[in-house]
Amino acid sequence: MTTPPTPAPRPHPHPFPLPPEDRRLSPYTGWTRAHWEAAADGLLRATAPYASPRHGLIALPGARPSSSGTRSDGLEGFARTFLLAALRVAGNHGHDPHAHLDRYAEGLASGTEHPTSHCELRPSRPDSWPRIDTVRQAYVEAASLALGLRLTRRWLWDALDDGVRARVVDWLLPALGPSPVDNNWWLFGLTVGGFLLDADIETEHARTAIDRALARIEDWYRGDGWYTDGDNRAFDHYNAWALHFYPVLHAHLGADAALLATHGARLRAHLDHYTRLFDANGAPMPFGRSLTYRFAATAAPWLGALTGHTPLTPGATRRLASGTLRHFFDRGAVTEDGLLPLGWYGPYGPMLQSYSGPASPYWAAKGFLGLLLPADHPAWTAPEAPLPAETANATLPLGRTGLLVQSTASDGLVRLHNHGSNSALTTTDPYYARFAYSTRTGPTTPTEWPALPDHTPLPDNHFALLIDGRPTTRGPATPHAAGPDWASSTHTPHHPDGTELPGVQVLSATLVHGRTELRAHLVTGAAPGTPVRQTGWATTPDGPTAQLHPVHGYDTARRAPTGSTPFGPHTRTAVLEGATSTPQGTLFVALASLTADPSPAPLDTQATATVTPHEIHVTWHDGTSTHLLFPHPPTGGDGPDEVRRPVTAPDSTA
């Protein structure tokens, strides 16, 4: 067992009382089940003052409404906090000393009394829910409502009068139809169907919705525990908090052994990878969309413990989950009023999506799934055990996703190199389009980039051609090949206006060893003399140390401001610049590093590289070496299967 770290000073006071730490049981975090219960109660109490007169909606304050409107946002506030209340009460065997369920029982009655097609709140109907068939977001919230009702059926649903139950069923039934969005949304119908099936209501209709959803996500399973979120290449947190969460929990609650055997095995395989994306300080990886859900990232590890389908020991499960919950609580993710704002730590607008509203962060309720484990379960009683990031340096390709994990035990920092996951919404989303992410840095965003002397934006961890002084965007990345410590991809650069650069292609590779990265890009089809730019990690003044060292093809190096990230303002990044020499292919190579270790050695002492037009031979500081072939990009390929082709094959020697 590694030595537990000394607790970091807590910069933000917690908004509600928490129990004393228990460093005997929880040497890494100090937190126990009692802390989780107190956190759940505090979050629920804080939202209560924002309820409508009869508790049908919870309209939380915020800088902006979602694109679905204020009434939908009020339903979101009710549904997502209801799920938190359901987990709290169900995990306490129905005991509800704070009367959380009483408020929600009244809201179920008032919200369904006069459902409306209006998206915006109106004084005439302050409690009414928007209808699922007219307000699309209501389809999403139906899942949280149904799951909460399933968990508390004995104490809440069975106690409602017949008229209220009939109205709730009528409101839920449209969610059993085809999903209005062809992605993880299919599982919302599955979740509604699961509740109705348990309650012996509309059972044939419910089974149809369940079977249809399971069949649809089967089309997206790519093996090794990973789904795409639709007909795309979006691999992100939705794997953990949706695509595994709903079917595995449904199988568990319904005691469906066959379904649990299939999907439980997939969850375990996913957790083999996913649990490596958590920093020793508790931070999950800020990669992908909906990051304002924060500690919902712990839902899948808890689900593994609940069902027995996990590679983690019970103590490691709690260490991961408590570390993440405390990470956010200690860094201002809960306001002085006890609310979860839109952002990462405090409010942070650039990371949000249009569908995000004031109550959206309460999908974090899923992170309290561990409360369903009884108090005497080993996940609560075993001493905390270290995370994968704390035990040894690791490099790991994540199946066929094109993602490569790099972690270092000396500082507990985790990096994620992206050679194949793309946003399903836009090709320029900075939370997908960068080549690298880490648990202690975040991507800069276009609205935050400061003006440089040539008035061009400067995204971090990016490789671009400069067309009329403006950097190209990456466009969709297609996995090319991968190995134990490297990954590669191809992309066609896009003009800032979104059009492709005709005939130009970039083959990129990342090779990692310890804290060191080798970043290589082979540009073909570009006119001789086309400027290129490689940027490094964007770090805050008090953040980790970032380094970027030119190896081949670059002729200038400098540092420049890059604006704010979710981790703070005033970031800076290193910049390398060069130019193409021939349309047949120009190779650019650099070394990079991100570390929290004190006084890191210069990168030119960590590796030496010999470069020819299509080959790189690297000797690392410990004497091991890697030979990386760098052929011309292929002219075809079908994407996901490309990663299995041994096109770019390094040989390592000791």
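## Aromatic pairs

Trp157 is buried, and Phe195 is buried too. Buried means under 20% relative accessible area, exposed means over 50%, and partly exposed lies in between (1.4 Å probe, protein chains only). This is a predicted model: local features need pLDDT of at least 70, side-chain atom pairs count only at pLDDT 80 or more, and totals for chains, interfaces and linings use all residues. Residues are numbered from 1 along each chain as its sequence is written, and side-chain values use heavy atoms, with hydrogens and water left out.

The structure holds 36 aromatic pairs. Rings of Phe, Tyr and Trp (its six-membered ring) pair if their centres lie within 6.5 Å; planes under 30 degrees apart count as stacked, over 60 as edge-to-face and the rest as tilted. Take Trp36 and Trp380: their ring centres are 6.5 Å apart and their planes stand at 70°, so this pair is edge-to-face. Trp36 sits in helix 1 and Trp380 in helix 12 (residues 378-381), so the pair links distant parts of the chain, 344 residues apart. Helices here are DSSP runs (H or I, at least four residues), as are strands (E, at least two), numbered from the N terminus. Trp36 is buried, with a relative accessible area of 1%. Trp380 is buried as well, at 4%.

The rings of Trp157 and Phe195 have centres 5.1 Å apart and planes at 90°, so they too are edge-to-face. Trp157 lies in the loop between helix 4 (137-151) and helix 5 (162-172), and Phe195 in helix 6 (residues 186-198), so the pair ties together parts 38 residues apart in sequence.

Ring pairs also build a cluster. Among its members are Phe16, Trp31, Trp36, Phe295, Trp302, Trp344 and Trp380.

## Strand 11 and its partners

Strand 11 (residues 531-535) is mostly covered: 4 of its 5 residues are buried. Two strands pair if DSSP finds at least two bridges between them. Strand 5 (residues 463-467) joins strand 11 through 3 bridges, and the two run antiparallel. Phe463 stands opposite Gln534 in strand 11.

Strand 14 (residues 568-579) is joined to strand 11 by 5 bridges, again antiparallel. Here Pro531 stands opposite Ala579 in strand 14.

## A buried loop residue

Ser68 is found in the loop between helix 1 (33-47) and helix 2 (70-90). Its relative accessibility is 16%, so Ser68 counts as buried. Not counting residues up to four places away in sequence, Ser68 touches Cys119, Val135 and Gln137. Contact means heavy atoms within 4.5 Å.

## Cavities and pockets

On a 1 Å grid over the protein atoms alone, a cavity is a set of points where a 1.4 Å probe fits but cannot get out; a pocket is an open set with protein on both sides within 12 Å along at least five of seven lines; lining residues have an atom within 4 Å of a point. By this rule there are 6 cavities of 30 Å³ or more. The largest cavity holds about 80 Å³ of space. Its lining includes Asn418, Tyr432, Arg474 and Pro476. By class, that lining has 4 nonpolar, 7 polar and 1 charged residues.

The second largest pocket has a volume of about 450 Å³. Of the 24 residues lining this pocket, the closest to its centre are Arg136, Val181, Trp185, Arg289 and Tyr355. Helix 2 and helix 4 each supply at least two lining residues. The pocket lining has 10 nonpolar, 8 polar and 6 charged residues. Ala, Val, Leu, Ile, Met, Phe, Trp, Tyr, Cys and Pro count as nonpolar, Asp, Glu, Lys and Arg as charged, and the others, Gly among them, as polar. A volume is the space filled by probe spheres set on the grid points, which are joined across faces, edges and corners.
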